Amino acid sequence: MQEYDLVIIGGGPAGLAAAVSANDQGINSILIIERDDQLGGILNQCIHNGFGLHTFKEELTGPEYSKRFIDKVVALDIEYKLDTMVLDVNDDKQVTAVNTEDGILEIKAKAIILAMGCRERPRGALNIPGSRCSGIYTAGTAQKYVNVEGLMPGKEVVILGSGDIGLIMARRMTLEGAKVKACVELMPHSSGLKRNIVQCLDDFNIPLKLSHTITNIVGQDRLEGVTIAEVDEHRKPIKGTEQYIPCDTLLLSVGLLPENELSRQANVKLSRVTGGPEVDESMQTSIPGIFTCGNVLHVHDLVDNVTTESYTAGKNAADYINGIHHVGTGIEVFATAGVRYTVPQTINAENIGDGIDVRFRVGEVFKNSYVSVYFDDALEMHLKKKILTPGEMESVKLTKAIFNKYSDCKKITIKIEKE
Amino acid sequence: MSTRELTCIGCPVGCALEVELQGNDVISVKGNTCKIGENYAKKECTNPTRVVTSSVLVTGGESEILPVKTEKDIPKDLIYKCIGALKGVVVKAPIHIGDIVLENVLDTGVNIIATKDIEKS
């Protein structure tokens, strides 16, 4: 059995940043395991710009952003294995992986960082009636075809869901000569970033049909068209509003699911809301020494946020290995009244340095509302927000000074209030 | 005097902007939380621009597709022509981030550059 101080599962933006950060804290025995044939993860196929405004103060494309971290990993001599699939992780921090060169690899680690990312919700999870013809792809699959393989999936396109990948692909397919006929969203609001609605749909006059869904898929061998209909407030199709749109391609951009099969095998406790592990202030899961960051923890809109979260995970994994991690029960962070979840779910103020960013998402659109943070019953923060939407992650910074003020606090509550 | 409502695309915050116009001149910008928003609003109402990203073919490399971008933003109404200018462009590996793929596209003074390293196969 091989031994490493730190094994990182996943060589995307989360795994790379975590590795760099752990190395900064003096950990040299690190192995990154990546199943693809290159480092960089999903950024390799995200060739549009808009990455890195916070991290690098400039606007980069996905491959440019990931290259900055790959260069650091290479310069720091951090070991990585490509084309290598992790089969098992257990709560004793043993990792079993396989590739065609080494065969089965058995590795014992002092700490593990789970950075496996997420995957797209597929058609099978949607219950759309109709035939199982070809021409139906998740938006990310189409993105890989176009941007990495150089193949066009089709000519006349309808997009179901308004997630960011779907919006980005609406523009990309249009520029590559396809006709994108509509972007159909079940909810009364888009789940994508506002800037992507503007520069991917509005710029190209692609209609965004809010409160609409697909009620039928038509076609035998190849997709021939879809029927869309308006939905009521219970998201049920309204009779008489059906409209048939001929198309040969349907892209699904209907949500991302953290990929936690390995976390489950390791008995890591998962959150029902995020689908990712429950973590404390150091990004540590319910299993001591197993940390996590990035989209496997909760789905992010911005890679910049993944990077900062992963720095935290990497630093704390290093501290754990070096034996300077404070144990003890943390204060529970409770999400309610419009706030769907928070990350982290518990905070031990001993481990937060100067402070901690608590990230969260809201469940519906709120206008002119307040984000309120209570320490037990005391209202500590009351931040006015013009708009809060489920598509955009929010955060509040809780400083060490605030924790010092409420040293006996048992519970922190984050909620949305009208006034 | 007229007003125009815009969503800033300068960063993912997506500030809701309100622009006051006198004819074609921008009088004021409200709703922005930083300088980028003000610049975007002024440009969007006078000479809207975009950074264009796409891909071209590569020969002799470990990958057949090279992602590229305009080095700076170009006028919005040239997006399609810019993509058209990339049709038929084939580069040879190795090629690295920042290498010029097409000089001075459509006489805009802006180069198309590579956004990924592709080594020889």
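Which residue in strand 23 of chain A is the bridge partner of A:Val339? In this predicted model, the partner is A:Val362. The legends below take up that pairing and several other views.

The model is predicted: local features need pLDDT of at least 70 and side-chain atom pairs count only at pLDDT 80 or more, while totals for chains, interfaces and linings use all residues. Residues are numbered from 1 along each chain as its sequence is written, and chains are lettered from A and ligands numbered from 1 in the order in which they are written.

**View 1. Chain A as a whole.** Chain A holds eight helices and 27 strands. Both are DSSP runs numbered from the N terminus: helices are H or I with at least four residues, strands are E with at least two. The C-alpha trace spans about 65 × 60 × 40 Å along its principal axes. The radius of gyration of chain A is 22 Å, which agrees with the value near 22 Å for a compact globule of 419 residues. That radius is taken over C-alpha atoms, and the globule rule is 2.2 Å times the number of residues to the power 0.38. Buried residues make up 48% of the 419 in chain A. Buried means that 20 or more other C-beta atoms lie within 10 Å of a residue's own; 12 or fewer is exposed, and values in between are partly exposed, with C-beta atoms placed from the backbone. Of the contacts in chain A between residues at least 6 apart in sequence, 65% join residues at least 24 apart. A contact requires C-beta atoms, placed from the backbone, within 7 Å.

View 2. Strand 21 (residues 339-343) and strand 23 (residues 355-362) of chain A pair in the antiparallel sense over four bridges. Two strands count as paired if DSSP finds at least two bridges between them. A:Val339 and A:Val362 are bridge partners here. Strand 23 of chain A also runs antiparallel to strand 26 (residues 394-399) of chain A, joined by six bridges. In this second pairing, A:Arg359 stands opposite A:Ser395 of strand 26 of chain A.

**View 3. A five-stranded open sheet in chain A.** The strand order is 22-20-27-24-25, with mixed pairing. Strand 22 (346-347) and strand 25 (378-388) of chain A are the edges, each pairing on one side only. Inside the order, strand 24 (residues 366-375) and strand 27 (residues 411-417) of chain A pair antiparallel over six bridges. A:Val371 has A:Ile416 of strand 27 as its bridge partner.

**View 4. Strands 11 and 12 of chain A.** Strand 11 (residues 156-160) of chain A is largely enclosed by the rest of the structure, because four of its five residues are buried. Strand 11 and strand 12 of chain A pair in the parallel sense over five bridges. One bridge sets A:Glu156 against A:Lys179 of strand 12.

**View 5. Helix 5 of chain A.** Seven of the eight residues of helix 5 (residues 194-201) of chain A are buried, so the helix is largely enclosed by the rest of the structure. The buried residues include A:Arg195, A:Ile197 and A:Leu201. From chain A, their packing partners are helix 4 (164-175), strand 12 (179-184) and strand 13 (208-209). From chain B, the partners are strand 1 (2-7) and strand 4 (49-50).

**View 6. A:Lys194.** A:Lys194 lies in helix 5 of chain A. A:Lys194 counts as buried because it has 20 C-beta neighbours inside 10 Å. Beyond its neighbours within four places in sequence, A:Lys194 is in contact with B:Thr7 and B:Gly14. The C-alpha atoms of A:Lys194 and A:Asp164 are separated by 9.5 Å, at 30 residues apart along the chain.

**View 7. The contact between chains A and B.** Chain B gives 20 residues to the contact, and chain A gives 20 residues. On the chain B side, strand 5 (53-59) and strand 6 (65-70) each supply at least two residues. Strand 5 of chain B gives the most, with four residues. The chain B side divides into nine nonpolar, six polar and five charged residues. Nonpolar covers Ala, Val, Leu, Ile, Met, Phe, Trp, Tyr, Cys and Pro; charged covers Asp, Glu, Lys and Arg; the others, Gly among them, are polar. The predictor gives the complex an ipTM of 0.91 and a pTM of 0.91.

View 8. The domain assignment gives domain 1 (2-46) and domain 2 (53-114) of chain B. Such bounds come from an automatic or database domain assignment. The two domain centres, taken over C-alpha atoms, are separated by 29 Å. Chain B averages a pLDDT of 91, and 99% of the residues score at least 70. pLDDT is the predictor's confidence in each residue, from 0 to 100. In chain B, confidence is lowest in strand 1, at a mean of 87, and highest in strand 6, at 97.

Key:
Contact = placed C-beta atoms within 7 Å.
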